[in-house]
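Please look over the sequence and the model shown here before reading on.

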Amino acid sequence: MQEPIHKNYKIAAYLLFTASAVTLTNHMLHYAKHIATGNLVLETALLIAILGYFALLGKDWLKWVLTFITVISVFALQPILKDFDAYPVYSVLSVITCALQIIAMPFLFLVPKL
């Protein structure tokens with residue numbers, strides 16, 4: 001019989017799905033201004049959604065992958081925040097996406113080992 005999925009995985013999955021939705025919304029709002037990074041944004045949103053799916057499955061390795069992705073996201077915020085005056089909505093939505101990823105990480109690390 002399969003073990004039940006811990007509730008922390010489900011909470012992390014919903015946070016990651018929300019982060020993916022915010023990333024897609026950000027892309028839709030600013031596609032014309034940042035057309036060069038359009039494919040990268042869509043791939044990032046898809047990656048975050050796939051991580052959310054694996055969180056729903058209760059995969060333990062996900063916490064390390066999410067940590068790596070979040071560290072990259074935090075470093076990617078620096079150039080975005082430099083253009084905060086020019087693109088405030090884009091910057092705020094990018095920070096919200098990164099914050100949702102950061103909030104999801106403790107839920108994954110606090111799942112008790114079986």
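**A walk through the model**

The structure holds one salt bridge, a term used here for a side-chain nitrogen of Lys or Arg within 4 Å of a carboxyl oxygen of Asp or Glu. This is a predicted model, in which local features need pLDDT of at least 70 and side-chain atom pairs count only at pLDDT 80 or more, while totals for chains, interfaces and linings use all residues. Residues are numbered from 1 along each chain as its sequence is written, and side-chain values use heavy atoms, with hydrogens and water left out.

Which side chains meet in the salt bridge? They are those of K63 and D60, at 3.3 Å from N to O. Side chains of opposite charge can pair when their charged atoms come close. K63 is buried, as its relative accessible area is 7%, whereas D60, at 33% relative accessibility, counts as partly exposed. In these terms, buried means under 20% relative accessible area, exposed means over 50%, and partly exposed is what lies in between (1.4 Å probe, protein chains only). Of the 114 residues of the protein, 36% count as buried.

The secondary structure comes to four helices and zero strands, so named because helices (H or I, at least four residues) and strands (E, at least two) are DSSP runs, numbered from the N terminus. Read from the N terminus on, the elements run α-α-α-α.

How do these helices lie against one another? The axes of α1 and α4 come within 9 Å and cross at roughly 165 degrees, where axes are lines fitted to C-alpha atoms, for helices over the stretch in contact, and angles run from 0 to 180 degrees between N-to-C directions. α1 and α4 are therefore roughly antiparallel to each other; angles under 35 degrees count as roughly parallel, over 145 as roughly antiparallel, 65 to 115 as roughly perpendicular and the rest as oblique. The crossing of α1 and α4 is left-handed, which is said when the near helix is turned anticlockwise from the far one by less than a right angle, and right-handed if clockwise. For α3 and α4, the packing angle is about 160 degrees and the axes are 10 Å apart, so that α3 and α4 are roughly antiparallel to each other, and α3 passes α4 in a left-handed crossing.

S20 lies in helix α1, residues 7-29, and is buried, with a relative accessible area of 7%. The C-alpha atoms of S20 and I50 are separated by 9.3 Å, although the two residues are 30 residues apart along the chain. In helix α4 one finds I102, which is partly exposed at a relative accessible area of 40%. I102 and T67 stand 35 residues apart in sequence and 8.2 Å apart in space, C-alpha to C-alpha.

The largest share of the patch, three residues, comes from helix α4, residues 88-109. F84 is found in the loop between α3 (62-82) and α4, and counts as partly exposed at 35% relative accessibility.
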